[in-house]
Amino acid sequence: MSPHVLVLGGTTESRTLAADLSARPGFRVTTSLAGRVARPGALPGEVRTGGFGGAEGLAAWIRDRQVDAVVDATHPFAATITANAARAADSTGVPAVVLRRPGWQPGPGDRWHTVDSLAEAAALLPSLGRVVFLTTGRLGLASFAHVTDVRFVVRSVEQPDPPLPPLTDVVLARGPFTVSDEAQLLRRHRVDVLVTKDSGAAATAAKLTAAREAGLPVVLVRRPPLPPGVRTVPDVAGVLAWLGLGAAGAGGLAGAGGLAGGGVGTGGE
């Protein structure tokens with residue numbers, strides 16, 4: 001039977017991984033999406049959308065679909081699904097790994113204020129500026145809905161649902177965005193502070209460069225901690241190595257040290 005890998009997706013890395021695995025003969029990959037974007041881009045392999053029903057539901061799905069390995073390639077702030085995946089992998093005995101790209105690091109000239117939550121970010125804003133470029137995602141806007149003395153510029157692929165801050169300008173756009181794009185947005189809306197999460201994504205780092213060049217402060221929300229004992233890798237190459245696979249198109253699985261030979265590990269790093 002073809003080895004079956006479940007990829008918990010939603011990131012650029014998950015899309016790249018699904019494409020690589022789908023290109024391998026005799027290999028089956030299913031990408032699971034949370035369903036928060038109405039029209040996600042096409043994905044190779046099989047795709048499912050929606051929740052599993054907690055850790056128990058995910059464990060049942062893993063058993064029913066005879067999954068051989070789980071790759072959590074969700075967003076670094078998707079703490080609930082990451083916790084559920086860790087519990088499901090533990091209860092089923094199926095090997096699992098978390099693909100977690102490195103976080104952003106400040107450089108010369110950066111004026112970063114690091115906080116642990118969106119609530120802390122909201123409390124800090126009135127002391128930093130009056131026009132905020134808020135890039136924490138649609139689902140986090142409620143944390144700023146009570147802030148009445150700051151104007152927010154919110155960029156989103158889709159129209160965000162309420163509650164929203166009372167002074168909000170919504171910019172509908174889909175990235176990636178260049179540094180020039182971000183600099184123009186900052187100037188056009190007269191932004192004087194940026195709020196973002198530490199996603200670590202290269203595709204969304206241009207806003208940090210634009211803020212640095214404009215001399216603007218940045219409020220950066222730290223990532224939630226990973227569940228104890230999970231194994232992590234920083235990129236797609238790390239996942240492939242964990243699975244015991246070589247370069248794409250290499251003709252299927254590696255030998256006894258790979259997925260087919262049971263060499264994939266579950267321990268933490």
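What covers the buried residues of helix 1? Point 3 takes this up, after the overall picture.

1. **The chain as a whole.** This is a predicted model. The protein chain has seven helices and 12 strands. Of its 269 residues, 45% are buried. Among contacts with a separation of 6 or more, 65% join residues 24 or more positions apart. The chain exposes about 12500 Å², and carbon and sulfur atoms supply 53% of that area.

2. Six strands form an open sheet here, and the order is 3-2-1-4-5-12. The pairing is parallel. Strand 3 (46-49) and strand 12 (232-233) stand at the edges. Each has a single partner strand, so one side of each is left without a neighbour in the sheet. Look at one edge in detail. Strand 5 (residues 96-99) pairs with strand 12 over two bridges, in the parallel sense. There, leucine 99 stands opposite valine 233.

3. **Helix 1 and its cover.** Helix 1 (residues 12-22) lies across strand 1 (4-8), strand 2 (28-33), strand 4 (69-72) and strand 5. Its direction makes about 165° with strand 1. The buried residues of helix 1 are Glu13, Ser14, Leu17, Ala18, Asp20 and Leu21. They cover an arc of only 165° around the axis, which puts them on the same side of helix 1. Now the opening question can be answered. The cover includes strand 1, strand 2, strand 4 and strand 5, and also helix 7 (236-243).

4. **Helix 2.** Helix 2 (residues 54-64) lies across strand 1, strand 2, strand 3 and strand 4. It runs at about 155° to strand 1.

5. Isoleucine 62 belongs to helix 2. Is isoleucine 62 buried or exposed? Its relative accessibility is 2%, and buried means under 20%, so isoleucine 62 counts as buried. Which residues does isoleucine 62 touch, beyond those up to four places away in sequence? They are Leu6, Val67, Val70, Ala88, Thr92 and Val94. Isoleucine 62 and threonine 92 are 30 residues apart in sequence, yet their C-alpha atoms are 7.7 Å apart in space.

6. **Aromatic pairs.** A search of the whole structure finds two aromatic pairs. One of them joins phenylalanine 52 and tryptophan 61. The ring centres are 5.7 Å apart, and the planes are 75° apart. Edge-to-face calls for planes over 60 degrees apart, so this pair is edge-to-face. Both phenylalanine 52 and tryptophan 61 are buried.

7. **The sheet with strand 6.** Another open sheet of six strands has the order 6-11-10-7-8-9, with parallel pairing. Which strands stand at its edges? They are strand 6 (112-115) and strand 9 (168-172). Each has a single partner strand, so one side of each lacks a neighbour in the sheet. On average, neighbouring strands of this sheet are turned by 20° against each other, direction ignored.

8. **Inside and on that sheet.** Strand 7 (residues 131-135) and strand 8 (residues 151-156) run parallel, joined by four bridges. Valine 132 has phenylalanine 152 in strand 8 as its bridge partner. Helix 6 (residues 206-214) packs on the sheet. Helix 6 touches strand 6, strand 7, strand 10 (193-197) and strand 11 (218-221). The direction of helix 6 makes about 155° with that of strand 10.

How values were computed:
Residues are numbered from 1 along each chain as its sequence is written. This is a predicted model: local features need pLDDT of at least 70, side-chain atom pairs count only at pLDDT 80 or more; totals for chains, interfaces and linings use all residues. Side-chain values use heavy atoms; hydrogens and water are left out. Two strands pair if DSSP finds at least two bridges between them. Contact means heavy atoms within 4.5 Å. Axes are lines fitted to C-alpha atoms, for helices over the stretch in contact, and angles run from 0 to 180 degrees between N-to-C directions. Buried means under 20% relative accessible area, exposed over 50%, partly exposed in between (1.4 Å probe, protein chains only). Accessible areas come from the Shrake-Rupley method with a 1.4 Å probe; for residues, only the protein chains shown count as cover. The arc is that of the directions from the helix axis to the C-beta atoms. Rings of Phe, Tyr and Trp (its six-membered ring) pair if their centres lie within 6.5 Å; planes under 30 degrees apart count as stacked, over 60 as edge-to-face and the rest as tilted.
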